[in-house]
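User: I would like to learn how to read strand pairing in a model. Please take me through one case.

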Amino acid sequence: MTAKKQDRGRISWTSFGAPNTALVLAVAFVTTAVTMPAQAGAEKVLYTFTGMADGGTPWASVITDANSNLYGTTQLGGDLTCNPPNGCGTVYRLSKSGKETVLHSFAGGTDGAYPYAALLMDAAGNLYGTTSAGGGGTGCFGSGCGTVFKLSKAGKETVLYSFKGGTDGGRPYSALIVDTAGNFYGTATLGGDLSCRTYGCGVIYKLTKTRKQTVLYSFTGAADGSYPAFGSLAVDAKGNLYGTTEEGGDLNCNSPNGCGVVYRLSKTGKQTVLHTFTGPDGENPEYTVTLDAKGNLYGTAPNGGANSEGVVFKISNPSATKEPGPTFKVLHSFGSGADGALPVAGVSIDPKGNLWIPTEFGGTFGDGALCKVAPTGKESVFHSFSVNFDGGNPVAAATIIVPKGRPFNVFHVVAELLVGYDGTPGSICDWQ
C-alpha cells in the first residue's frame, strides 16, 4: 500500500457544503519574474505554503463557504514542536483576497496529527474532519491511529472519536460524509479484520452524533478488497455507499496483493464488488469514486491501462442488483505523448458533465497536468504544470466552484500541488 498518499428507510444525506461550489487547484507560487507558456484557462495563484506555522504539503481538496472563503488541511507544518521540524498539520482558511488564517495546528497528542482528508462544514460554520495519526493511543506504529474531530467557528477543537487500530479501524485517510441525523460515515485504511495482513485491511465505519462508533464492514484482503482509498465515500438515493480499495480483488494482479476493487455497500451492510482491476483496465485506485446526477460512477486508477500510466473509468448502473447489472468502461488511458500520467486524485464533475482530473505526472513538462474528459470520453490537457514556473504533482481532487447567480459556463477549478517552483511545500491555484 502506498500513502501519498436522501431519509432513513431511505437515508437522507447532506454534504454540509456551502451553497456555492468552486473548482480550485493548488499550485506553487512563482517567486521570480518568469513567463509561463500560454495554456488554456486563466491561472491565478491564490496562496503558497511555506511549511512553517502556516502549514505545508496540502493533500486534501478544499471546500468553500457562502463568502467564497476556502477551507482545507495540510499534512505538515503548523506547530513545529510536533514532529520537529516538520509539524503535524493544520486546518486553514483562505480568503478570496488570498489571506491565509490557521484555524488549528495539530499537536500530535490526543488532538490528532497529519490530516490528509477534506473538511465538512455545517450550517453553523463548524468544521469536521479526520487525522491519520494521533489520538492519544500507542497503536499504529506508536504514533496513534487517528481521530475524527470537530472544529468550532471559534477555533475550539473537539475530538469526536479516537481510533484504536483494532477491530474499530485505524489510519483514517478518508473524508467524512454525514446524513441528516448527524451520523458520520467514512473509511479507515487499517484495522478491522486483524487476521488480514499485519495490521488489518481497513473498515467502513459509522459514527453517531453521540460518538458511538460502529464498523459497517471489515475488508478481508481477498476478493472484497483491502485498504480503502483516499477521498470520501459516495452515496446514492437508495443509501448505498460506494468506494474503492487500493489492493485486494484479483490477487494474481500485483501478486500477492491484488490491484484493487470498486465496491458497493448496502444499507444492510452487504458488500458487493462492482469491478475488480486486473491491469489493462487500471491498477491500485488510490482515490474514491464520484457519482453524477444520473447515478453513474467515475473514478481513476493511477497505474495500469493501455500505457501503464493510469486510467479514468465509468461504471454505469452501479446500484443494479439484477442482470445486466453494472457496466465498467475505461474512458481514457493516460500516458500518451504530452498527456497527463498517474491520476492519483479523483474525478470532479462540472455542470456540463465534463470530468476534471489532476494527474501527478505527465503533461508538457512532466510535472503533472489538469486534464478534462468530455462526456464522450474525449480527453484534453487543460493545463500542464512545471516546477520551473508554477509547481507540480497535484494529488487532491479538484474542487469545482460555480459562482452564485452565474451561468454554468462560468466556474472555477482548484487543486493542490505538492511541489512548488522554489521548492515550497505546495500552493493553491484557481482557473476560470
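Analyst: Start with the terms. Two strands pair if DSSP finds at least two bridges between them. Strands (E, at least two residues) are DSSP runs, numbered from the N terminus. Now the case: Ser226 stands opposite Glu247 in E19. Strand E17 (residues 226-228) runs antiparallel to E19, and 2 bridges join them.

User: What kind of model is this, and how are residues numbered?

Analyst: This is a predicted model: local features need pLDDT of at least 70, side-chain atom pairs count only at pLDDT 80 or more, and totals for chains, interfaces and linings use all residues. Residues are numbered from 1 along each chain as its sequence is written, and side-chain values use heavy atoms, with hydrogens and water left out.

User: Which residue is the bridge partner of Val235 in E19?

Analyst: Leu241 is the partner of Val235. Strand E18 (residues 234-235) pairs with E19 in the antiparallel sense, over 2 bridges. The two form a hairpin with 5 residues between them. In the turn, Gly239 has a positive phi of about 90 degrees.

User: Which residue in E20 is the bridge partner of Leu241?

Analyst: Leu265. Strand E20 (residues 261-265) and E19 are antiparallel, with 5 bridges.

User: What is the mean pLDDT of the protein chain?

Analyst: pLDDT is the predictor's confidence in each residue, from 0 to 100. The chain mean is 87, and 88% of residues reach 70 or more.

Definitions and conventions. Helix = DSSP H or I, 4+ residues; strand = E, 2+ residues; numbered from the N terminus.
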